[in-house]
Structures are given as C-alpha cells and as structure tokens.
Amino acid sequence: MLIGEVARRSGVSARMLRHYESLGLVRPSGRTGSGYREYSAEDIRRIFHIESLRSLGLSLREIGRALDDPGFAPSALVDDLIRQTRDRIAAETELLTRLRRINAADPAGWEDVLQVVALLQALGSKSADARQRAALSSVDEVPVPVEALVEAALSETEPNVAGALRWALARSGGDCGPALLAEGLGSPVPAVRKRAVQSLAEMPGGEATARLRDALANPDVVVRGYAALVLGTRGVADAVPTLIDLIVEGRNDTDAADALSVLASDTATADQIATRLVDRLAHDTTEAPARGRLTQALAGIPGTRALRALVELSHDVDRAVALTAAYLLQIRDAR
C-alpha cells in the first residue's frame, strides 16, 4: 500500500508518516519499482499502535521504547502518565479558577485585571502581613471575588489575618458568600467548620441568618454553639434550646445567658425561656454545677415565671443553688 493510501485510511498525514520514518518508529517494508514507499499490513498495524499510544499522551520517544523494547513494562509508564495527567488537570483547574475570579471582578480595563491578579496572589502569599493587607485593600480597591475571600477565610490560621478576611467578607456585598461559607460547615476538618461559622456570624443580612439557623442542626457542637450565640443576639428564638445546652455544658455559658436575656424581650418569650430553664433544672441527669449556671441564667429573664422559679429554688435541697437563687431575688427586689 502506497503512502497516500495509508494516509487516507489511517488518518495520519503523509508528512507525519515520513516523520515517523525519520525517527525510526515505522519503516515501510518495501519499495515499488519506481522507488515509492510500500507499506505492508504489519506496517499499517504498527502505525495504528503508534496512534493509540499517542492518544494516551506518550511522547514519540516513549512510544518507540514501548514498541521495540521486549522487556518494557507498561505499568510504570502508565502510572507516570496518570501522575502527569493529574498534575496537568490540577494546574489547568487552578488557572480556570483564577480566570473565573478575574472575570467575576468585572474589570474595566487591564489595570483592573492586574490589580485583581496582584490581590489574588497576595491572598495566597506565605507572608501573613501580605495576606492581611490584601484582605483590607480588597474592599477599597478593585474588589476581590467573594469566592476567593471565602477560600482564604476558610484556610487562614493567623488570627489577625482571619479577622481581616471576615471583615472583608462582611463588606463584600456578594450574595453567594453565605452559601459558600455554609458549604464550609460540612467540611471534614473541624477547624474549617469553625472558621466557616465565625465568618457567617459576622455577615449581615437575612441569608446569613438563615444559614446560621440551619447550622443549629449541625452535628458539630462548636458550630451549633457559635450559631446559637449569634442568632440569640439577632432575636431568633430557634436558638434557645442550643443556648441552654451551652449553659448546661459550661461552654460560653455567660454569653449564652446574655443571649437568652436579649431574646426574652416580651412576656411570652420570657416565660417560655424561664420554663425551659426550669425544666432543665429539674432534669435528673443535670449535675450540680450546671444547675447553678441555669439558676444564674434566670437572673436575666424578666417576668413572673422566672420570679416564681427563683423563689422555689431559694429553698432547693442543693445549698449552692438555694443561696444563688436567694441572692438573685435580693437583686431583683433592689431594682
């Protein structure tokens, strides 16, 4: 078969076939009387083998070795190809992410593009000062895309930088910020979940509040606690059970009691909170220190239900609880 027909049937150009021949990859088995290359069935089969290996990303040198070395073991080469492909995909994915973030910043000109690139690079710097400056400048200069700020906030370990990133996120005005941070609440890494809820806690608006309300059902006690404390200050009554849990467990119990007092802004809610506190006080498994904290929490709850509870507790069999309740009654009488 002559080179033109081989090219037509194989899809490999005559020029490439000559290149293969110059490299010694495939040599036509014969020549016609006129000196034209003539390929045998075995030559054509080798051409298809070359093209198959090229489709896997092998170089022509690697293909020659694979086809001509009897002792060649393909597994090592395939493993190497897998590694190279993964590295290439990771690099291309990183580039695609960077381009999307630049596009999301809606730059007006090349100066804006360069500013965004500089800020993105600074956010990924090894220098904490550089990262902090980038976070602070992202609000006043060309804004950094919210996705980049969220990614930086969830990975930042330096407290000052983390605070600057949360500040920048809170002022970013991006609608997608709370949703992206909520995804961080499902991270398998506890530190990432904590950073996500801390960032959500500083974001204003109904969307952030809704995400924090969802976080009350999070299996991570730290996430639930942060969410409840913020929601309490925002007047969300759904946080009450978790706030009481914090008081019982002795985690941020003072802040939790303050949040309950904020929520007890009307008589009905105050009585409901007082009833919940009393129910936990009466629970058989509630230990003495927790009963003391629950009694103290009643001090910040107005209304007759909390007052009656303190009167009853002033006669409690637990002397510490009784003394605490009696003292709180004196303070209420003095007001």
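These are questions and answers on a predicted model, with the reasons behind some of the terms used for it.

Me: What makes the chain more spread out than a compact globule?

Reply: Its secondary structure comes to 19 helices and two strands. The radius of gyration is 35 Å, while the globule rule gives 20 Å for 335 residues; 35 Å is well over that, so the chain is more spread out than a compact globule. Along the principal axes, the C-alpha trace spans about 120 × 50 × 35 Å.

Me: How many of the residues count as buried, and what does a residue need for that?

Reply: A residue is buried if its relative accessible area is under 20%. Buried residues make up 40% of the 335 in the chain.

Me: Why is α10 called roughly antiparallel to α11?

Reply: Helix α10 covers residues 177–184 and helix α11 residues 190–201; they pack at an angle of about 155°, with axes 8 Å apart. Angles over 145 degrees count as roughly antiparallel, so α10 is roughly antiparallel to α11. The crossing of α10 past α11 is left-handed.

Me: How do you know which residues of α10 and α11 meet?

Reply: Contact means heavy atoms within 4.5 Å. On that basis Pro 178, Leu 181, Ala 182 and Gly 184 in α10 meet Val 192, Arg 193, Ala 196, Ser 199 and Leu 200 in α11. These residues divide into six nonpolar, two polar and one charged.

Technical notes: Residues numbered from 1 in each chain as written. Predicted model: local features only at pLDDT ≥ 70, side-chain atom pairs only at ≥ 80, totals over all residues. Heavy atoms only, no water. Axes fitted to C-alpha atoms, helices over the stretch in contact; angles between N-to-C directions. Helix = DSSP H or I, 4+ residues; strand = E, 2+ residues; numbered from the N terminus. Parallel < 35°, antiparallel > 145°, perpendicular 65-115°, else oblique. Left-handed = near helix turned anticlockwise from the far one by under 90°. Nonpolar A, V, L, I, M, F, W, Y, C, P; charged D, E, K, R; others polar. Rg over C-alpha atoms; globule rule 2.2 N^0.38 Å. Buried < 20%, exposed > 50% of the residue type's maximum accessible area, 1.4 Å probe, protein only.
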